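Here's a friendly briefing on one protein chain. Have a look at the picture first, then read on.

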Amino acid sequence: MLFPPLALEYSAIHRNAGNAIEMTRFLANENIPPPSIGLLRAAGHDVAAVAEMAAGLADPAVLDLARRGNRILLTYNRDYGDLIFHHSHPAPTGIVYFRF
């Protein structure tokens, strides 16, 4: 499944305090398809991929990686909400949860 490029281009660009345009930093969980990661990168977005960095990383460690890297987590895994809201795990900048 591929992301709709237009929607991500609109939502992933913002201005910093100095009014300079910046691209949002994403962390793609292992369940994000490689072609989708490639499309985001081709559009100029900063996308780190768990599958390329640390395959098999446990969910709490993925949250920590996103938080420490100031990245928005892209995932199909709904377990992250449980970790944050029921187990008080520190949240990253944001989470985009995709559903089929």
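What follows is a short tour, from the whole chain down to a few single residues.

This is a predicted model, so treat it that way: local features need pLDDT of at least 70, side-chain atom pairs count only at pLDDT 80 or more, and totals for chains, interfaces and linings use all residues. Residues are numbered from 1 along each chain as its sequence is written, and side-chain values use heavy atoms, with hydrogens and water left out.

**The whole chain**

- The protein chain has 5 helices and 6 strands; helices (H or I, at least four residues) and strands (E, at least two) are DSSP runs, numbered from the N terminus.
- Reading from the N terminus, the elements go α-β-β-β-α-β-α-α-β-α-β.
- Of the 100 residues in the protein chain, 36% are buried; buried means under 20% relative accessible area, exposed over 50%, and partly exposed in between, with a 1.4 Å probe and protein chains only.
- Take the contacts in the protein chain with a separation of 6 or more: 42% of them involve residues 24 or more positions apart. A contact here means heavy atoms within 4.5 Å.
- The protein chain's accessible surface is about 6,100 Å², and carbon and sulfur atoms own 58% of that. These areas come from the Shrake-Rupley method with a 1.4 Å probe, and for residues only the protein chains shown count as cover.

**The sheet**

- Four strands make an open sheet: 4 strands in the order β4-β3-β5-β6, with parallel pairing. Two strands pair if DSSP finds at least two bridges between them.
- At the edges sit β4 (46–49) and β6, each pairing on one side only.
- From one strand to the next, the twist averages 25 degrees. Axes are lines fitted to C-alpha atoms, for helices over the stretch in contact, and angles run from 0 to 180 degrees between N-to-C directions.
- Helix α2 (residues 34–42) packs on this sheet and touches β3 (25–28), β4 and β5, with its direction at about 155 degrees to that of β4.

**Strand β5 and its partners**

- On one side, β3 and β5 run parallel and share 3 bridges; for example, L27 has L73 as its bridge partner in β5.
- Strand β5 (residues 72–75) also runs parallel to β6, joined by 4 bridges. There, L74 is partnered with V96, and I72 with G94.
- To get from β5 to β6 the chain goes through α5, and this β-α-β crossover is right-handed. Right-handed means that, with the strands pointing away from the viewer, the path from the first strand over the helix to the second runs clockwise.
- In a regular strand the side chains alternate between the two faces of the sheet.
- Both faces of β5 are covered, with I72 and L74 buried on one side and L73 and T75 buried on the other.

**N77, in a loop**

- Where is N77? It lies in the loop between β5 and α5.
- N77 counts as buried because its relative accessibility is 18%.
- Leaving aside neighbours within four places in sequence, N77 is in contact with N29, N31, D59 and Y97.
- N77 and N31 are 46 residues apart along the chain, yet their C-alpha atoms are separated by 7.7 Å.
- The side chains of N77 and D59 are joined by a polar contact of 3.2 Å. A polar contact is a pair of N or O atoms within 3.5 Å; within protein, one must be able to donate a hydrogen and the other to accept it, and residues adjacent in sequence count only if both atoms are side-chain atoms.
- A polar atom of the N77 side chain also lies 2.8 Å from the backbone nitrogen of D79.

- Is S88 buried or exposed? S88 is exposed, because its relative accessible area is 63%.
- H89 is buried, because its relative accessible area is 16%.
- S88 is placed in the loop between α5 and β6, and H89 is found in the loop between α5 (79–85) and β6 (94–97).
- Beyond neighbours within four places in sequence, H89 is in contact with P60, L63, D64, L83 and I84.

**Positive phi values**

- Most residues other than glycine have a negative phi.
- S88 has a positive phi, near 55 degrees.
- N70, in the loop between α4 (59–68) and β5, also has a positive phi near 55 degrees.
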